[in-house]
Amino acid sequence: MEPVKTSNPFYSTTDTSKVDVPNTEWNKILPREVYDIAREKGTERAFSGKYNTHKEVGTYYCAVCGNPLFNSNGKFESSCGWPSFFEPIKKGSIIYAPDNSHDMKRTEVMCGRCKSHLGHVFEDGPPPTGLRYCINSVILDFEKAKDAAKNYTDSQLSK
Ligand SMILES: [Zn+2]
């Protein structure tokens, strides 16, 4: 039986302070499927995620800590089987690390607030960035925009 989960005291969509919590603690808080991907760097099955073909206008948050990561204006239709974005909501919302596991040279992307594993970034995305952030649905929380017109990324606003 799944252990009863305690509520997540680290989740906030407005607090930007860094969250540094050991995995033993996250294991008590996060649902199994979120923990496996976020903290053990797992990958959900392609085409299985709830946000893979999701098209609503709004914001995607880290399901572990609530950090805003992407918005729907930065999402694009990709055939890879996971939600794909060409840019994060802000530069610092995501951090990067080289990942040479599975005999591949890839760049891992993690949440800039809690360092949870999100997915990988590849250089075969569409303009304007040419990047494809390939992200597991299970570590995303989506909130529909109240005012769709305000939902632009930093670079879209500076144009
Ligand atoms: Zn996070």
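Helices (H or I, at least four residues) and strands (E, at least two) are DSSP runs, numbered from the N terminus. The structure is a predicted model, in which local features need pLDDT of at least 70 and side-chain atom pairs count only at pLDDT 80 or more, whereas totals for chains, interfaces and linings use all residues. Residues are numbered from 1 along each chain as its sequence is written.

Phenylalanine 47 is situated in the loop between α2 and β1. Its phi is near 65 degrees, a positive value in a residue other than glycine. Aspartate 103 belongs to the loop between β5 (94–99) and β6, and counts as exposed because it has 5 C-beta neighbours inside 10 Å.

Strand pairing was assigned where DSSP finds at least two bridges between two strands. Strand β1 (residues 58–62) runs antiparallel to strand β9 (residues 140–144), to which 5 bridges join it. Within this pair, tyrosine 60 has phenylalanine 142 of β9 as its bridge partner. Strand β1 is also antiparallel to strand β2 (residues 68–71), through 3 bridges, and threonine 59 is partnered by asparagine 71 in β2. Strands β1 and β2 form a hairpin with 5 residues between them, and glycine 66 in the turn has a positive phi of about 90 degrees.

A nonpolar core is a set of buried Ala, Val, Leu, Ile, Met, Phe, Trp, Tyr and Cys residues joined through C-beta atoms within 7 Å. The largest such core comprises 33 residues, of which Val34, Cys62, Val64, Leu69, Cys111 and Ile139 touch the most other members. Two or more residues are given to this core by each of α2 (32–38), β1, β2, β6 (106–111), β7 (117–122) and β8 (132–135). Helix α2 provides the largest share, 4 residues. Isoleucine 139 is in contact with Val34, Ile37, Ala38, Cys62, Ala63, Val64, Ser116 and Leu118, residues up to four places away in sequence not being counted; contact requires C-beta atoms, placed from the backbone, within 7 Å.

The peptide bond from proline 127 to proline 128 is cis, with omega near 5 degrees. Proline 128 is placed in the loop between β7 and β8.

Key
Buried ≥ 20, exposed ≤ 12 C-beta atoms within 10 Å, placed from the backbone. Contact = placed C-beta atoms within 7 Å.
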